[in-house]
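Biologist: Can you walk me through this one? I have the sequence and the model open.

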Amino acid sequence: MTKQFTLGKDERLKSRKAIDQLFKEGQRFSVPPFRVSYQFTAAELKFGITVSAKNFKKATDRNRVKRLVREAWRLQKNELQQSVNGKNKGLDVFLIYTAKELPDYSLIEGKVSIVLKKFLKLVNETPVANS
RNA sequence: GCUACAAGCCAGGCUAUCGACUUGAGAGAUCAGGUAGGAAAGUCCGGACAGCACAGAGCAAUGCACCGGUGAAGAGCCGGCCUCCGAUUUAUCGGAGAGAGAUAGUGCCACAGAAAAUAACUGCCCUGGAGUAGCUAAGCUCUUCAGGGUGAGGGUGAAAAUGUGAGGUAAAAGCUCACAGCUUUUGAUGGUAACAUCAUGGGCGGGUAAACCUUGCAUGCUGAAAUGCCACGUAUAGGUUCGCUUGAGAACGGCUCGUUCGAGAACCAGGGUAGGCAGCUUGAGCCCAGAGGGUAACUUCUGGGACAGAUAAAUGAUAGCCCACGACAGAAUCCGGCUUACCGGCUUGUAGCUUUU
RNA sequence: UGGCUCGUAGCUCAACUGGACAGAUGUACCCGGCUUUUAACCGGGAGGUUGUGAGUUCGAAUCUCACCGGGCCAA
């Protein structure tokens, strides 16, 4: 039996190059308080999160927001991951937290779930990649 | 016991489930261990470490500025001296001090005031001349002019030529004297020294050097985006200017001289890469206990203990229970300080009040 | 991580080398006038502990130090 609720190095956006390309060429939509950028790739589902230092002056607060979002994604992303893998594709997703107030976990959990549902719909509409 | 102040310390805990980074073991599945701070912050000082430079001279620039100690070093810390402020028990206690030089020079000191710094003006005094002046006259007084002596008086200001008294004089003045104050030479005593006390001689033409500056001392420049190695990729193309022994540029760091190297250099536009490893965490280190040295900062010896190492960047999330109901806040090469932020609690010391014995 | 620079009325800017009520006609605000009303125009007024706190000085927006808050640069 494999672990489900993981968020290892393979599942995070870790290449500066990939992130630059995502912002340059990727598509985006908005689910307040998030701004979401995404791009279909050949690899697998990858995820990143950032918080502006302009909105949160203290590093502690920025870390707090990032940890909450990572946790929400980790616990809810399984369905999308299976769907993406089923289509034999990859997907890079990058979230930017744009609000100026510190959120609590239940709010983040709800918003991330909305984002995930949007992606599920998107993925189901795209054809299967013939490798 | 309460209150106030000062110093030091701690910075929620436990359990369950699901994760992240990392170290070790294992063929692997996996298992075991470790994982933010007192300020990790501000980047204000000082270093370590690394690269380049380590012929030289001059100028400049920056920083520091009582003395001794401490320490790798410092604008840190400890102790002392001096000055100022506050308190009272008048000799102590507490606090503050960028604490060399104002007789090397230059500048500035609004308003007010005669004047803000060679002393000028007003005034005071003396001598001489003049007068349709006054008094009977010599002469004196008055007015005015010229020459000379003075720096006492001028009440304004933050600040006025050290203050008070006496002598002295035509009028005066540290001009002289006494006392007091400041500064300084020499000597003695005490102290490692700053300095203190005493004696002695000289001086006393404000303030401002966080105005320029002078004196003394110190300082090569650049910072982990340093630096070394491996891998991958492109454009040995284009434009402008300068230069090839008549020397561009570099070493050389801000400039000049000087020395050496020397054929490309600067800018514009454009193209490529932005992966990995080392540096990278164990070090002038930290904590605890004991025995010494020192007033103290600090230090010596012995024994024991624990050490984050990420790289779009880990150190967390949820639930429950307990209590004092959880503040400020997140490592990015590493140390030593300083400064700033901080809910609450504990310990020690000092002072005051109260109660009991 | 390292460095540079700036904070003055609500806004945009002045105030020289320290000197006294910290200015502007700007723009915004308030009151009055003009107009049927509004705008424009005319007249008048208010608005600042010079980012904060210390220090030097007789005296600080100005000089020095420490904080706070902006902006910019370096691959």
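Biologist: Which hand is the crossing where α2 passes α4?
Modeller: Right-handed. A crossing is right-handed if the near helix is turned clockwise from the far one by less than a right angle, and left-handed if anticlockwise. Bear in mind that this is a predicted model, where local features need pLDDT of at least 70, side-chain atom pairs count only at pLDDT 80 or more, and totals for chains, interfaces and linings use all residues. Residues are numbered from 1 along each chain as its sequence is written, and chains are lettered from A and ligands numbered from 1 in the order in which they are written.

Biologist: At what angle do the axes of α2 and α4 cross?
Modeller: Roughly 50 degrees, and the axes come within 9 Å; α4 covers residues 105–125. That makes α2 oblique to α4. Under 35 degrees would be roughly parallel, over 145 roughly antiparallel, 65 to 115 roughly perpendicular, and the rest is oblique. Axes are lines fitted to C-alpha atoms, for helices over the stretch in contact, with angles from 0 to 180 degrees between N-to-C directions.

Biologist: And what counts as a helix or a strand?
Modeller: Both are DSSP runs numbered from the N terminus: helices are H or I with at least four residues, strands are E with at least two.

Biologist: Which element gives the most?
Modeller: α2, with 8 residues.

Biologist: What is the surface near the RNA like by class?
Modeller: There are 11 charged, 8 polar and 7 nonpolar residues. Charged means Asp, Glu, Lys and Arg; nonpolar means Ala, Val, Leu, Ile, Met, Phe, Trp, Tyr, Cys and Pro; the others, Gly among them, are polar.

Biologist: Now the sheet. In what order do the strands run?
Modeller: β1-β2-β4-β3, 4 strands in an open sheet with mixed pairing. β1 (27–31) and β3 are the edge strands, each pairing on one side only. The twist averages 20 degrees from one strand to the next. Two strands pair if DSSP finds at least two bridges between them.

Biologist: Which pairs are parallel or antiparallel?
Modeller: β3 and β4 (residues 90–97) run parallel, joined by 7 bridges. β2 and β4 are antiparallel over 8 bridges, and β1 and β2 (residues 34–41) are antiparallel over 5 bridges.

Biologist: How many residues of β3 are buried?
Modeller: 6 of the 7, so β3 is largely enclosed by the rest of the structure. β4 is mostly covered too, with 6 of its 8 residues buried. Buried means 20 or more other C-beta atoms within 10 Å of the residue's own, exposed 12 or fewer, and partly exposed in between, with C-beta atoms placed from the backbone.

Biologist: Is Asn-88 buried or exposed?
Modeller: Exposed, because 11 other C-beta atoms lie within 10 Å. Asn-88 sits in the loop between α3 (78–86) and β4. Asn-88 also has a positive phi of about 65 degrees although it is not a glycine. Most residues other than glycine have a negative phi.
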